[in-house]
Amino acid sequence: MEFDIPDGPYYTESHEWIELIEDTVRIGITDFAQDELGDIVFVELPAAGTNFDAGDDFAVIESIKAVSDVYAPVAGVVADINEAVESEPELVNEDPYGDGWLIELELDGDLDTESFLSASEYREQIE
């Protein structure tokens, strides 16, 4: 199966993507992750202002197959959440890198891109 893995974001081994947008990072789950979950029926996101360390679970995604935690790839404070996915969780299935993003974090420090997978490295991981 062919998955959409754009070159812009960085990726984690736990199937999150992260993209620098000005002074925040936008985070979501990958096309592979949403496909593995199946039809997503519920998304629970944190409140703006919540502080997370790298590796903390920050969201819960419920699908027809499973309930899964989503992990913060970096430390930071929630600057914005995508309220649309709370009312329309299917957006994560339909457009995981666009309308289906989950949160934006204000970083605690700089983004260390060396700790993430590139698009080509992520492709290798899921093949």
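Predicted model: local features only at pLDDT ≥ 70, side-chain atom pairs only at ≥ 80, totals over all residues.
Colleague: In what order do the 6 strands of the open sheet stand?
Modeller: The pairing in this sheet is antiparallel. Strand 1 (10–11) and strand 5 (51–52) stand at the edges, each with a single partner strand, so one side of each has no neighbour in the sheet. The order is 1-2-3-9-8-5.

Colleague: How many bridges join strand 3 to strand 9?
Modeller: Strand 3 covers residues 24–29 and strand 9 covers residues 103–107.

Colleague: How far apart are the closest N and O atoms of Glu-104 and Arg-26?
Modeller: Side chains of opposite charge can pair when their charged atoms come close. A salt bridge requires a side-chain nitrogen of Lys or Arg within 4 Å of a carboxyl oxygen of Asp or Glu. Glu-104 and Arg-26 form such a salt bridge, and their closest N and O atoms are apart by 2.5 Å.

Colleague: How many residues apart in sequence are the parts that this pair, Glu-104 and Arg-26, ties together?
Modeller: Glu-104 lies in strand 9 and Arg-26 in strand 3, so the pair ties together parts of the chain that are separated in sequence. The separation is 78 residues.

Colleague: Is Glu-104 buried or exposed?
Modeller: Buried means under 20% relative accessible area. Glu-104 is at 11% relative accessibility, so Glu-104 counts as buried.

Colleague: Which residue forms a salt bridge with Asp-7?
Modeller: The structure holds 2 salt bridges. In the one with Asp-7, the closest N and O atoms are 3.7 Å apart. Asp-7 lies in the segment before strand 1, and its partner lies in helix 4 (residues 119–126), 116 residues apart. The partner is Arg-123.

Colleague: Is Asp-7 buried or exposed?
Modeller: The cut-off for exposed is over 50% relative accessible area. Arg-123, at 29%, is partly exposed. Asp-7 has 65% relative accessibility, so Asp-7 counts as exposed.

Colleague: Which strands stand at the edges of the open sheet of 3 strands?
Modeller: This sheet has the order 4-6-7, with antiparallel pairing. The twist averages 25 degrees from one strand to the next. Each edge strand has a single partner strand, so one side of each is left without a neighbour in the sheet; these are strand 4 (40–44) and strand 7.

Colleague: Which residue in strand 6 stands opposite Phe-42?
Modeller: Strand 4 and strand 6 (residues 57–63) pair in the antiparallel sense over 4 bridges. Within strand 6, the residue opposite Phe-42 is Glu-62.

Colleague: Through how many residues does the hairpin join strand 6 to strand 7?
Modeller: Strand 6 and strand 7 pair in the antiparallel sense over 5 bridges. Asp-57 stands opposite Tyr-71 in strand 7. The hairpin joins the two strands through 3 residues.

Colleague: Which element supplies the largest share of the lining of the largest pocket?
Modeller: The largest pocket has a volume of about 160 Å³. Among its lining residues are Phe-32, Ala-33, Glu-36, Ser-68 and Asp-69. Helix 1 (31–37) and strand 7 (67–71) each supply at least two residues of the lining. The largest share, 4 residues, comes from helix 1.

Colleague: How many nonpolar residues does the lining of the largest pocket have?
Modeller: The residues lining the largest pocket include Ile-29, Leu-37, Ile-61 and Val-70. By class, the lining has 3 polar and 3 charged residues. The nonpolar residues number 6.

Note on methods: Residues numbered from 1 in each chain as written. Heavy atoms only, no water. 1 Å grid on protein atoms, 1.4 Å probe; cavity = no way out; pocket = protein on both sides within 12 Å on 5 of 7 lines; lining within 4 Å. Points joined across faces, edges and corners; volume = space filled by probe spheres on them. Nonpolar A, V, L, I, M, F, W, Y, C, P; charged D, E, K, R; others polar. Pairing = 2+ DSSP bridges. Axes fitted to C-alpha atoms, helices over the stretch in contact; angles between N-to-C directions. Buried < 20%, exposed > 50% of the residue type's maximum accessible area, 1.4 Å probe, protein only.
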